[in-house]
Amino acid sequence: MIYKFTIISEEVEGFVRDIQIDSESTFLALHNSILASVDYSQVSNASFYICDQYWDKENEVLLQEIDSNPEFDTWLMEDTTLDHFLEEERQRIIHIFDLENERGFHIELTEIIPGESLDEDKCTRSKGEAPLQFLDEDEVVVQENTVDLDEDFYGSVDFDLEDIAPFEGIEEENDPL
């Protein structure tokens, strides 16, 4: 089978890439195809997230193993085929190419072509300029805090930050030495 993926970026309006790749190819092959389609250099770490229809992340496929905790399943791009997670049209994945700033592409499996195969993946549509691969320091994306830090966060409406004694060895600003 051939998978056709449509790739967009939330950073750049009008950016679209379509990539066709064999369903038995690995996530590493898709990763390399995406980088080639946007003329990015190789990165030391990246990941794919298999998402639900609302783009909520469910499973992660890593470029390299970060944690070898046996309690959690770890999928690596070089060992995991696309058809392991992707079986039907409209499935969604996110490709994070900049882990530090959590920047990536939104990807949808837009078409499955049964009965055919590809020896080599190919970019079939390239529209618009890709976002910069690396941000300048002044362009770094600051992630918005989505945790509600109201008084209930601390477990009590009676919580008062002033009630906490300073750590031993740390002088308060008003204390003379």
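A residue counts as buried under 20% relative accessible area, as exposed over 50%, and as partly exposed in between. The exercises below apply to a predicted model.

**Exercise 1. Describe the order of the secondary-structure elements and the overall burial of the chain.**

Step 1. Two helices and eight strands are assigned.

Step 2. Read from the N terminus, their order is β-β-α-β-β-β-α-β-β-β.

Step 3. Of the 177 residues in the chain, 36% are buried. The exposed surface comes to about 12,000 Å², with 44% of it supplied by carbon and sulfur atoms.

Step 4. Consider contacts between residues at least 6 apart in sequence: 60% of these join residues at least 24 apart.

**Exercise 2. Identify which elements supply at least two residues each to the largest nonpolar core, and examine phenylalanine 105 within that core.**

Step 1. The largest nonpolar core comprises 28 residues, and Phe5, Phe27, Leu30, Phe48, Leu86 and Phe105 have the most contacts inside it.

Step 2. At least two residues of this core come from each of the strands S1 (2-8), S2 (16-22), S3 (47-51), S6 (92-98) and S7 (103-113), and likewise from each of the helices H1 (27-37) and H2 (82-85).

Step 3. Phenylalanine 105 has a relative accessibility of 0% and is therefore buried.

Step 4. Beyond its neighbours within four places in sequence, phenylalanine 105 contacts several residues, among them Ile7, Phe15, Ile34, Tyr40, Ile93, Phe97 and Pro131.

**Exercise 3. Determine how the rings of phenylalanine 15 and phenylalanine 105 are arranged, and how those of tryptophan 75 and phenylalanine 85 are arranged.**

Step 1. The chain has eight aromatic pairs.

Step 2. For phenylalanine 15 and phenylalanine 105, the ring centres are 5.4 Å apart and the planes meet at 20 degrees, so this pair is stacked.

Step 3. These two residues are 90 residues apart: phenylalanine 15 is in the loop between S1 and S2, whereas phenylalanine 105 is in strand S7. Phenylalanine 15 is buried because its relative accessibility is 2%.

Step 4. For tryptophan 75 and phenylalanine 85, the centres are 5.0 Å apart and the planes stand at 80 degrees, so the arrangement is edge-to-face.

Step 5. Tryptophan 75 belongs to strand S5 (residues 75-76) and phenylalanine 85 to helix H2, so their pair ties together parts ten residues apart in sequence. Tryptophan 75 is partly exposed at 22%, while phenylalanine 85 is buried at 13%.

Step 6. One aromatic cluster is formed by Phe15, Tyr40, Phe97 and Phe105.

Conventions
Residues are numbered from 1 along each chain as its sequence is written. This is a predicted model: local features need pLDDT of at least 70, side-chain atom pairs count only at pLDDT 80 or more; totals for chains, interfaces and linings use all residues. Side-chain values use heavy atoms; hydrogens and water are left out. A nonpolar core is a set of buried Ala, Val, Leu, Ile, Met, Phe, Trp, Tyr and Cys residues joined through side-chain atoms within 4.5 Å. Buried means under 20% relative accessible area, exposed over 50%, partly exposed in between (1.4 Å probe, protein chains only). Helices (H or I, at least four residues) and strands (E, at least two) are DSSP runs, numbered from the N terminus. Contact means heavy atoms within 4.5 Å. Accessible areas come from the Shrake-Rupley method with a 1.4 Å probe; for residues, only the protein chains shown count as cover. Rings of Phe, Tyr and Trp (its six-membered ring) pair if their centres lie within 6.5 Å; planes under 30 degrees apart count as stacked, over 60 as edge-to-face and the rest as tilted.
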